[in-house]
Amino acid sequence: MREQATKRGSEEQTNKAAAEALRPEAIRKDFPALGQTVHGRPLVYLDNAATTQRPLAVIEAIRGFYLRDNANVHRGSYDLSHRATEAYEAARARTARFLNAAEPAEIIFTRNATEAINLAAFSWSERFLGPGDAILLTEMEHHSNLVPWQMAARRAGARLLFVPVTGPEGLLDMDRVQALLRPPVKLFAFTHVSNALGTINPAAELCRLARQRGIVTLVDAAQSAGHMPLDVRELGCDFLALSGHKLCGPTGIGALYAKRELLEAMPPWQTGGEMIDQVTLDQSSWAPPPHKFEAGTPNIAGAVGLGAAVDYLERIGRERVFRHELELTAYALDRLKEVKGLRLFGPKTAPPHAGAISFCFETIHAHDVVTFVDRLGVALRGGHHCAQPLMRKLGVPATARASFYLYNTRQEADALVEALQETRRFFGA
Ligand code: 7TS
């Protein structure tokens, strides 16, 4: 009884914590890199869509691994190697839990989201894509979720089809989705959140429509994992790709989630050590998933860092992170309207606008904007954001982009607006 009451009490506390607004000022203490000045100004780091900063918990986890547990995995039969293997596989289990995958074997560690998509595009297409088939993508894809499919289609004699992006708000044309999700389409790959427009796509709905028609789905979650609650079983996707460095983790580690039956059916991508069962001079058989898809010595310390990152985000609560980001985005979208001559891309409201805001001045190149505001301490990204087809559609060569994360504050959104006002005055726009 008492135990139950205590449990209920702690659940209530957890729920209360989840309901509490996130306090970025407190969170910033976990991120030493944010406390610095650049060009004599406090750093305002707004390039989180490119990569996020790392909390001490992640830095310490990597340090601790190299200080105490460093050895190769799945090889030695000595204590240190067992510890390294345990740490690596524990990171896989934590990542699986983070995504609510049915089992850790559904998580393949990769270098990043790009490699995760390349793996899926190569192996799935080898087995399941043939002449005359089609792959459906959208016009807002990052090159990482476009070029691998171009290559796969070329190899298979298949073609690519695209869901159009509509209007200045940059939403997917849902009528066209309905019309396109039918033979010869075999797979639908789309971004959950656009890095260039900030649009949050209705991923669960898109997966549901595809599933109804027997079409396989891949969700590019590079911009959503770590920013909002994400549950692969609720989404109903077949594949999902993420990068550790965009969710507080280290660079050089990412993951592909895939349903086990697909991983069983797909041939390996890279081959060599670690991924085999039996090898003769003439032929080989494969280890079961996930190891079938992890050739060679993996990024062990990177996986440990990713495990620490997902733990960190779970402690904070992704629901709170998401709410904070939406509130900050809504505030910034509103304030950016004050800047004369600034053209904003993407949805007008948050949601469906996530924390990456793209904009440009009609008469100042995005690179000039980014270089100018850097001198004021504000770190933005300028360019085509690896989405050249989308830029062509928007009719601009490049945009400047501010992207928020859990540690960004309203004061930083104000600093962005002020820096853009100064830019406009300086260039006489
Ligand atoms: N997909 C999306 C939607 C992305 O935004 C990115 C990276 C990737 C895939 C690839 O991630 P990677 O970790 O494999 O490189 N986007 C960005 C960006 O917007 N600025 O720098 C990288």
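What follows describes the interface between the domains.

The model is predicted, so local features need pLDDT of at least 70 and side-chain atom pairs count only at pLDDT 80 or more, while totals for chains, interfaces and linings use all residues. Residues are numbered from 1 along each chain as its sequence is written, and side-chain values use heavy atoms, with hydrogens and water left out.

The chain is divided into domain 1 (10-54 + 318-427) and domain 2 (59-315), with bounds that come from an automatic or database domain assignment. The centres of the two domains, taken over C-alpha atoms, are separated by 27 Å.

Contact here means heavy atoms within 4.5 Å, and buried area is the accessible area (1.4 Å probe) that two parts lose on being put together, summed over both.

| Interface item | Value |
|---|---|
| Area buried between domain 1 and domain 2 | about 3,100 Å² |

Carbon and sulfur atoms give 55% of that buried area. Of the area that domain 1 buries against domain 2, Arg 54, Arg 318 and Leu 390 supply 25%, more than any other three residues.

Across the interface the rule finds 2 salt bridges, each a side-chain nitrogen of Lys or Arg within 4 Å of a carboxyl oxygen of Asp or Glu. Arg 318 also forms a salt bridge through its side chain with that of Glu 314, at 3.3 Å from N to O.
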